[in-house]
Amino acid sequence: MKIALIDYGAGNLHSAGKALERAMIEAGVSGHIVLGANPDDIAEADRIVLPGDGAYRDCRENLSLVDGLEEVLTEQVRVKGRPFLGICVGMQLLSDIGEERGETQGLGWIPGRVVALDPKARYLKVPHMGWNTLERRGEHPVLDGLTFGEGGLHAYFLHSYHLLPTYAADLLATADYGGPVSAIVGRDTVIGTQFHPEKSQALGIKLLANFVKWSP
Amino acid sequence: MTLKTRIIPCLDVKNGRVVKGINFLDLADVGDPVESAKAYDAAGADELCFLDITASHENRGTILDVVRRTAENCFMPVTVGGGVREVEDVRALMLAGADKVSINTAAVKDRSIVGRAAEKFGAQAIVVAIDAKRVNAPGEADRWEIFTHGGRNPTGIDAIEYAQAVADLGAGEILLTSMDRDGTKAGFDLALTRAISEAVTIPVVASGGVGTLDHLVEGVTLGKASAVLAASIFHYGTYSIAEAKAHMAKAGIPMRLA
């Protein structure tokens, strides 16, 4: 298996790459990770991971700046149906529109908007920063073996915005932070996590292993 | 809500080596920050903080190597601070694998760096480190000022106003150290912690003065901090991360228990 980990200057690639390697071992899948943004490499990949640390607008601009990147991603994911995982802002970019620092158009693969967190309780701080448990909202192979609710495993969040999907069926898991916060979304062969699986120890590795094994 | 309170051990790193190595486990190399990071990762620390105290700018590359190797070995969040002068320094640390970068003196000198860095990397990645010292005379109303250079240089800037200003500019978190309490083991300056926590809508990490596990509890219950940072009580094995978490959970604070 060949996994393309997209490097478009948006950080966090080392830990994402290492976590994917660990996940492949756990999943019993042999393969390797190709780091970069070379369209030829991405065209040959079986799976694609788009990380992202930063502001929506800036990440979106960086993605557009790489020659041929968006075209090959669209071909691979939308035409050929290769499994795709977006992490944090990489997940947010799946939306139609992001509202961080003005409106920016996203990839539109998961219909919805990325809006500022607005927890009901005023004492709750934004960014939503730290470890939180998840609530299951849907069924999906990438959720296999994850534990939910108060006694469940924790995921590491670090964000001020989240993706509100247009269709409820696309929301697979939420975290509670003065109201539901979108944690995992999925549609077609695309999934996204708002939290950082590469920083989320057991839960993160399990989810990545599920992604590696997933055959939609 | 189920967001957990974070415990953050902080390691001082100089020229790529830990200044005071941790000794709660048998490490192959107590001076290697990555070995310490792995030990804290295994111990259940919620985040890790590296403070680079390398004096010369020429040796700044050493911290990048530490961050890179840590990111390759630990699946835990890492904040890096110390010597961050320009947005380019933030970028280099982020690309090496830091999740958050903390800015101290550079933001005191020119606050615009906070906004410029947040615009590039998002507010969630930008921490402003505030070193504050009480300046009111006994009997007067509480007042704290920003100090630089390890608490030696006064700036005349009010700590609460400064915290609000950097939060407005786009900081995602404040790492608040009481220079009166740092190294004393007398506990956090709770009045300071509470004043800053209540003045801003971003998370505040309390730092400086932890000597007992009750100090950690007070930082959250009385100081209203979102996270607590400590160094020596963990490095010297006085308490383990697990003991600290169990103690805080027993006090009713939501914790991520192993």
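Over all chains, the count comes to 27 salt bridges, a salt bridge being a side-chain nitrogen of Lys or Arg within 4 Å of a carboxyl oxygen of Asp or Glu. The model is predicted, so local features need pLDDT of at least 70 and side-chain atom pairs count only at pLDDT 80 or more, while totals for chains, interfaces and linings use all residues. Residues are numbered from 1 along each chain as its sequence is written, chains are lettered from A and ligands numbered from 1 in the order in which they are written, and side-chain values use heavy atoms, with hydrogens and water left out.

One of the salt bridges joins A:Asp58 to B:Lys120, with the closest N and O atoms 3.0 Å apart. This pair crosses between chains, from helix α3 (residues 56–65) of chain A to helix α5 of chain B. Helices (H or I, at least four residues) and strands (E, at least two) are DSSP runs, numbered from the N terminus. Between chain B and chain A the count is three salt bridges. B:Asp99 and A:Lys199 form a salt bridge too, their closest N and O atoms being 3.0 Å apart.

On the side of chain B that touches chain A, the elements giving two or more residues are α2 (61–73), α3 (87–96) and α5 (112–121) of chain B. By class, that side has 15 nonpolar, eight polar and 14 charged residues; here Ala, Val, Leu, Ile, Met, Phe, Trp, Tyr, Cys and Pro count as nonpolar, Asp, Glu, Lys and Arg as charged, and the others, Gly among them, as polar.

The contact (heavy atoms within 4.5 Å) takes 37 residues from chain B and 36 residues from chain A. The area buried between the two chains is about 3400 Å², of which carbon and sulfur atoms give 54%. Buried area is the accessible area (1.4 Å probe) that two parts lose on being put together, summed over both. In chain B, the residues that lose the most area to chain A are B:Leu3, B:Phe75 and B:Gln124, together 24% of what that side buries.

Chain A has an open sheet of eight strands in the order β2-β1-β3-β4-β14-β13-β12-β9, with mixed pairing; two strands pair if DSSP finds at least two bridges between them. At the edges stand β2 (32–36) and β9 (135–136) of chain A, each with a single partner strand, so one side of each is left without a neighbour in the sheet. Strand β9(A) runs antiparallel to β12 (residues 171–176) of chain A, joined by two bridges. A:Glu135 has A:Thr174 in β12(A) as its bridge partner.

Helix α4 (residues 69–79) of chain A packs on this sheet, touching β1 (2–6), β3 (47–50), β4 (84–87) and β14 (190–193) of chain A, and its direction makes about 130° with that of β3(A). Axes are lines fitted to C-alpha atoms, for helices over the stretch in contact, and angles run from 0 to 180 degrees between N-to-C directions. Helix α6 (residues 201–213) of chain A lies across β1, β3, β4, β13 (180–187) and β14 of chain A, at about 145° to β3(A).

Four strands of chain A form an open sheet in the order β6-β5-β7-β11, again with mixed pairing.

Some backbone details remain. A cis peptide bond, with omega about 5°, joins A:Val126 and A:Pro127. A:Pro127 is found in the loop between β7 (112–116) and β8 (128–133) of chain A.
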